[in-house]
Amino acid sequence: MKGKVYLVGAGPGDYKLITLKGMDCIKIADVIVYDRLVNRTLLKNARKDCEFIYVGKKSSNHTKTQDEINDIIAHKAKEGKIVTRLKGGDPYVFGRGGEEGEYLREREIDFEVVPGITSAIGGLCYAGIPITHRDYASSFHVITGHLKDEDKELDWESLAKLNGTLVFLMGIANLNKIATSLIENGKDKTTPTALINWATTQNQKVVEGTLENIHEIALKEKIESPTLIVVGEVVKLRKHLNFFESKPLFGKSVVVTRSRAQSSKLVDKIMNLGGNPIEFPTIKIEEIKPNEALDREIERLSQYSYIIFTSENGVKIFFDRLFELNYDSRKLGNIKIIAIGPATSKALRERGIAADIIPKRFVGEAVVEELQEILSKEDRILIPRASEARPYLVKKLSEICGVVECKTYRTVKGEGNKEEILELLNEDKINYVTFTSSSTVKNFVEIIGKENLDKLKNTKIISIGPITSNTIKDFGLNVYKEAEEYTIDGIIKALI
Ligand code: SAH
């Protein structure tokens with residue numbers, strides 16, 4: 001097979017600011033070669049067997065030279081591989097994409113270029129600065145602040161005359177020189193100037209001043225690379241247009257303790273609210289397999305009048321096996337289905353089943369109360385669920401009718417990284433920890449160690465519901481807020 005290279009702009013930082021075409025290139029790649037400014041979350045979309053090569057640079061302290069990078073890309077393509085070369089922003093805006101393309105063309109290697117949202121425009125946008133505006137700037141100019149040949153001067157005289165917005169990339173180390181050269185060549189020293197550090201990410205930091213004092217401010221605020229320097233009247237609009245930093249979770253780090261397989265919804269919502277989700281999986285769902293008991297219950301489903309599904313996992317595992325045994329949803333045709341919680345009912349809908357009963361509250365006690373009204377002693381109930389689930393539901397319902405509990409999965413300890421989380425806690429970098437079940441609490445404590453619990457004193461704990469809250473309190477921890485509705489959306493509301 002002939003290899004091919006895609007030079008792809010990954011956007012300025014927020015991982016959703018990539019094009020559909022760019023995302024396709026990530027999904028099909030055999031090899032992904034990526035830079036420092038590329039959001040790592042994007043790499044999760046790659047194939048399981050994809051090879052990742054980091055070629056990040058930090059200012060003049062290069063990890064790999066451009067020649068080495070060209071070589072790697074060409075070499076992999078020559079082996080017949082699909083190589084996706086991911087670059088921050090747009091590949092042709094100071095990204096040396098042109099040089100990489102030329103190198104490939106010389107070697108007759110097939111390539112395509114996928115444009116990206118450049119930080120020069122998108123980064124300003126997230127800082128609340130429109131790069132043009134009818135009242136303030138009718139052009140914009142994107143300029144390098146770091147010249148290839150250090151002695152070669154930019155044409156400061158011409159730049160100082162421009163009335164459009166000036167955006168300098170790679171310029172933070174030369175900020176003093178940039179500002180003084182513009183002033184010396186006639187630019188008004190009171191021109192509004194902003195510095196945008198880590199634009200469009202949860203670490204975005206923006207400082208404002210004038211051409212005259214911006215260098216002093218940068219030193220005081222310790223602004224480092226990557227930073228955009230914006231010079232022009234449009235900077236003044238920031239106070240009206242700053243949508244990103246006003247998001248409810250902007251700048252907040254939130255630990256997600258669910259299993260990796262289940263965390264995506266919560267993680268995504270935290271990101272959309274401007275927060276920084278930290279995945280620390282404390283649990284892992286392990287299907288019980290082979291499971292003769294489950295097979296037996298599926299074969300004799302017609303004996304049951306009710307099935308209670310208590311979780312999304314429970315639904316998934318039950319139906320996967322039902323389908324494997326060559327049955328389909330019709331097998332449940334005469335059985336009434338009870339779904340506990342909206343996520344469970346959604347998982348059922350996806351498999352062609354609209355639950356007959358969705359109890360209003362999702363705790364065992366409330367479920368029993370509601371079902372007591374409906375059930376009679378002739379009923380038979382099947383409950384496929386986790387092996388460590390609370391006995392309450394089965395015990396209470398058995399007082400009314402026949403109940404069979406079928407254990408379909410176990411919750412085991414997850415692979416959350418203890419050192420990483422302790423370091424963040426020591427540095428006071430965690431604002432919230434979310435717990436979505438008692439097992440996430442127990443395993444969290446087990447992983448970080450009881451002796452480290454006092455490190456949580458400045459961290460706010462958010463709980464999904466009363467049972468989870470009790471477990472949290474049993475460990476001597478405080479619940480800062482409990483979700484009103486015992487769901488992921490409830491957790492999000494509590495966070496907001
Ligand atoms: N191709 C990229 C630019 C590469 S040059 C693009 O189109 O955006 C690297 C410079 O871009 C950095 O030194 C910095 O000035 C700027 N930059 C890129 N991403 C940035 C970000 N998220 N925040 C601030 N500056 C960024």
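In which loop is Pro391 found? Pro391 is found in the loop between β18 (380-386) and α14 (392-398); helices here are DSSP runs of H or I with at least four residues, and strands are runs of E with at least two, numbered from the N terminus. The structure is a predicted model, in which local features need pLDDT of at least 70 and side-chain atom pairs count only at pLDDT 80 or more, while totals for chains, interfaces and linings use all residues. Residues are numbered from 1 along each chain as its sequence is written, and side-chain values use heavy atoms, with hydrogens and water left out.

## Overall architecture

The chain holds 18 helices and 22 strands. Its C-alpha trace spans about 90 × 55 × 45 Å along the principal axes. Of its 496 residues, 51% count as buried; buried means under 20% relative accessible area, exposed means over 50%, and partly exposed lies in between, with a 1.4 Å probe and protein chains only.

UniProt lists residues 265-492 as "domain: Tetrapyrrole biosynthesis uroporphyrinogen III synthase" in an unreviewed entry. Positions from that record are given in the numbering used here, feature names are shortened, and annotations may be inferred rather than shown by experiment. Over residues 265-492 the chain is 38% helix and 20% strand, and the end C-alpha atoms are 10 Å apart.

## The largest pocket

A pocket is defined on a 1 Å grid over the protein atoms alone, as an open set of points with protein on both sides within 12 Å along at least five of seven lines, where a 1.4 Å probe fits; lining residues have an atom within 4 Å of a point. The largest pocket contains about 1,700 Å³ of space, the volume being that filled by probe spheres set on the points, which are joined across faces, edges and corners.

The lining of the largest pocket consists of 49 residues, and Arg258, Thr310, Ser311, Thr436 and Ser437 lie nearest its centre. Helix α12 (residues 342-349) supplies the largest share of this lining, five residues. By residue class, the lining divides into 19 nonpolar, 17 polar and 13 charged residues. In this division Ala, Val, Leu, Ile, Met, Phe, Trp, Tyr, Cys and Pro are nonpolar, Asp, Glu, Lys and Arg are charged, and the others, Gly among them, are polar.

The largest pocket lies between domain 3 (253-282 + 415-495) and domain 4 (286-409), because both give residues to its lining. These domain bounds come from an automatic or database domain assignment.

## Cysteines

A disulfide is a covalent bond between the sulfur atoms of two cysteines. The criterion applied is a pair of cysteine sulfur atoms within 2.5 Å, and by this rule the count comes to zero disulfides. The cysteine sulfur closest to that of Cys25 belongs to Cys50 and is 12 Å away, too far for a bond. Cys401 is likewise in no disulfide, with the nearest cysteine sulfur, that of Cys406, 17 Å away. Cys25 is buried, at a relative accessible area of 4%, and Cys401 is buried at 7%.

## Backbone features in loops

The bond from Ser225 to Pro226 is cis, with omega near 0°, and Pro226 is placed in the loop between α7 (214-220) and β12 (227-231). The bond from Lys289 to Pro290 is also cis, with omega near 0°; Pro290 lies in the loop between β15 (283-287) and α10 (292-299).

Positive phi values occur at two non-glycine residues. Glu108 has a phi of about 55° and is found in the loop between α3 (97-106) and β7 (111-114). Glu108 counts as exposed, at 70% relative accessibility. Met170 has a phi near 50° and lies in the loop between β9 (165-169) and α6 (175-184). Met170 is partly exposed, with a relative accessible area of 42%.

## Separation in sequence and in space

The table sets sequence separation beside C-alpha distance for selected pairs.

| Pair | Separation in sequence | C-alpha distance |
|---|---|---|
| Ile18 and Val114 | 96 residues | 9.8 Å |
| Pro391 and Val403 | 12 residues | 12 Å |
| Ser119 and Gly101 | 18 residues | 21 Å |

Ile18 is found in the loop between β1 (4-9) and α1 (20-28) and is buried, with a relative accessible area of 15%. Ser119 belongs to helix α4 (residues 119-126) and counts as buried at 19% relative accessibility. Pro391, by contrast, is exposed, with a relative accessible area of 60%.
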